[in-house]
Amino acid sequence: MGFAEPMTATAPVPTAVPAPLAAEGVPIRFACFVTGTDTEIGKTLISAAILHKLVQHGQRACGMKPIAAGAEERDGMLHNEDAAMLRAAGNVNLPQHITTPFMLREPCAPHIAAELEGVRIEPVPIMTAYAEILGASDATVVEGVGGFCVPFSDDFDSADLAVQLGLPVILVVGLRLGCINHALLTAEAVVARGLVLAGWVANQVDPDMRFADENVAALEKRMPAPLLGRVPRLEQPSAADAAVYIELAGVPGWPSARC
């Protein structure tokens, strides 16, 4: 298996304005929705890496994890490792109830965790918080929960949220057995909902995966979006380390395309 090389800069491309931003007359800026082929495949690491790169570009960057399932109480407040990693990677300090409107204790599917706490996950609090983040930042990274179609309630799921946000989607593909099918089905679901699949990132979640190079090559031929980077298995994963392996100059609104 070949070792992934850090990505190098590519030629700038014209930017685009995400639909909700254009409707509000907001200037061109970067915002994306990060989803994954499954849970535990590195969405938070890649989201944090994107935030790290935005900060390096001089942006006021804020991460948002609208729903976090799996929180414990610390000093009187609920704490979730993924939400905390996003907050640390950005440089805009907003209250936790804005960056994570739904913080749930049980580490399970969001609709189950919400039901256990008597909470109903609805879009209005999320969209209201998202609007506040837009007003306080230059760039926003919204991380989804689990895979693309994870349910939040009987009539609201992660795909619905992505559609309401209307942002370009970045897909994190966890490199492990079965990733080709998972990635292609997810890409198909994203495109079917009228969303822009801006690119995908391959993340080495299984260090012992056989034929990883061949799997990536097969996906490059079949995915309807460019490969934005390939992150190797990192001993101590960090936003800064993962950021070295991804390049987002071609993603709509990326600040380097305006420099």
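**Salt bridges in close-up**

**View 1. Glu72 and Arg74 pair in a salt bridge.** Their closest N and O atoms lie 2.8 Å apart; a salt bridge here is a side-chain nitrogen of Lys or Arg within 4 Å of a carboxyl oxygen of Asp or Glu. The model is predicted: local features need pLDDT of at least 70, side-chain atom pairs count only at pLDDT 80 or more, and totals for chains, interfaces and linings use all residues. Residues are numbered from 1 along each chain as its sequence is written, and side-chain values use heavy atoms, leaving out hydrogens and water. Glu72 is partly exposed at 42% relative accessible area, and Arg74 is also partly exposed, at 36% (buried is under 20%, exposed over 50%, partly exposed in between; 1.4 Å probe, protein chains only).

**View 2. Arg74 also bridges to Glu81.** The N to O distance of this salt bridge is 3.0 Å.

**View 3. Arg105 forms a salt bridge with Glu73.** The N to O distance is 3.4 Å. The two residues are 32 apart and join distant parts of the chain: Glu73 sits in strand β4 (residues 72-74), Arg105 in the loop between β6 (102-104) and α5 (110-116). Helices (H or I, at least four residues) and strands (E, at least two) are DSSP runs, numbered from the N terminus. Arg105 is partly exposed, with 41% relative accessibility.

**All views. The count by this rule is nine salt bridges.**
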